[in-house]
Amino acid sequence: MPYLDDDGGPLRVIPITQAPADGRFFQLNRRIGFQEHAGAPIYWAPPHIPSDDPQPGNRTDLASVPWIFWSFIGSFGRQSAPAIVHDHRCELALALPRDQALEQRFEDDRVFRVGLRQQKMPLFRSWLMWAFVSVERYFRHAPGRFTMLVIQSAIGIAMIVAAVILGIVAHPLWLLLALVPAVAALLWRRERRLMIWLAYSGALLAPVIAVQFAAVGVFRLIELLVRETIDRPFVDHEPGPVITPLRFDPRRSGQPRG
């Protein structure tokens with residue numbers, strides 16, 4: 001088993017504490033590690049300093065998945081150990097110069113993907129999570145490249161969708177337009193796989209994401225109506241929010257925890 005406990009044995013339990021109790025962050029109580037294969041270096045995530053309100057660098061949110069996408073990828077499960085180790089590696093990269101940070105994160109993100117697969121995460125989901133953290137790498141360390149990446153990916157998604165639609169309603173030769181994002185991805189050299197993945201998986205998932213947003217919007221609207229017509233008048237005069245499952249912290253001027 002590639003993930004290790006504090007004693008170097010196979011990881012069977014992840015010792016974490018939720019802090020604060022109504023928030024989305026956790027603290028690791030004992031270190032865990034990852035070794036890709038025999039003879040490979042072990043990447044350790046050390047325990048956090050106990051706190052009832054841990055700050056960045058002293059906490060983890062497990063898999064950093066926006067709550068609206070939890071039906072696709074959960075924030076915990078088989079991905080918990082890879083996410084904890086990867087979170088620590090991301091914190092280490094923040095202390096490095098930009099080019100060194102990007103180089104380290106490139107390898108750390110690859111190891112994260114390998115770790116997900118060794119935890120038996122589905123192939124598609126593992127690569128999707130890898131794509132998310134790879135985009136976040138540029139957001140943190142190279143905002144200019146991040147902007148270019150997002151723009152090119154969005155154009156690629158639009159071209160693929162347009163190619164499929166025009167290929168059906170106009171002429172099959174329009175399907176050749178779907179090859180353009182793959183050719184354009186070559187400009188990113190070693191990141192070409194990331195650009196190809198973003199364009200084609202984005203086009204594939206776009207309808208699914210649109211349906212998800214619509215479904216969540218209807219559900220939140222129902223929650224809002226129930227809160228304002230039943231909960232607030234008769235049960236709880238200060239009910240929690242419906243936009244997010246996290247509670248509001250009154251000490252933070254009405255801002256959500258985290």
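Two residues are said here to be in contact when they have heavy atoms within 4.5 Å of each other. This is a predicted model, in which local features need pLDDT of at least 70 and side-chain atom pairs count only at pLDDT 80 or more, while totals for chains, interfaces and linings use all residues. Residues are numbered from 1 along each chain as its sequence is written, and side-chain values use heavy atoms, with hydrogens and water left out.

Leaving aside neighbours within four places in sequence, D61 is in contact with R24, F25, S75 and D87. D61 itself sits in the loop that runs between strand 5 (42–45) and helix 1 (80–93), where helices (H or I, at least four residues) and strands (E, at least two) are DSSP runs numbered from the N terminus. D61 counts as buried because its relative accessibility is 16%, the term buried meaning under 20% relative accessible area, with exposed over 50% and partly exposed in between (1.4 Å probe, protein chains only). The side chain of D61 makes a polar contact of 3.3 Å with the side chain of R24, and another, of 2.9 Å, with the side chain of S64. A polar contact is a pair of N or O atoms within 3.5 Å; within protein, one must be able to donate a hydrogen and the other to accept it, and residues adjacent in sequence count only if both atoms are side-chain atoms.

From this loop we can turn to the sheet. Three strands form an open sheet in the order 1-4-5, with antiparallel pairing, two strands being paired if DSSP finds at least two bridges between them. Strand 1 (3–4) and strand 5 are the edge strands, each pairing on one side only. Strand 4 (residues 32–35) and strand 5 run antiparallel and are joined by four bridges; Q35, for instance, has I42 in strand 5 as its bridge partner. Helix 1 packs on the sheet, where it touches strand 1, strand 4 and strand 5, and its direction makes about 85° with that of strand 5. Helix 2 (residues 98–118) lies across strand 1, strand 4 and strand 5, and runs at about 90° to strand 4. For these angles, axes are lines fitted to C-alpha atoms, for helices over the stretch in contact, and angles run from 0 to 180 degrees between N-to-C directions.
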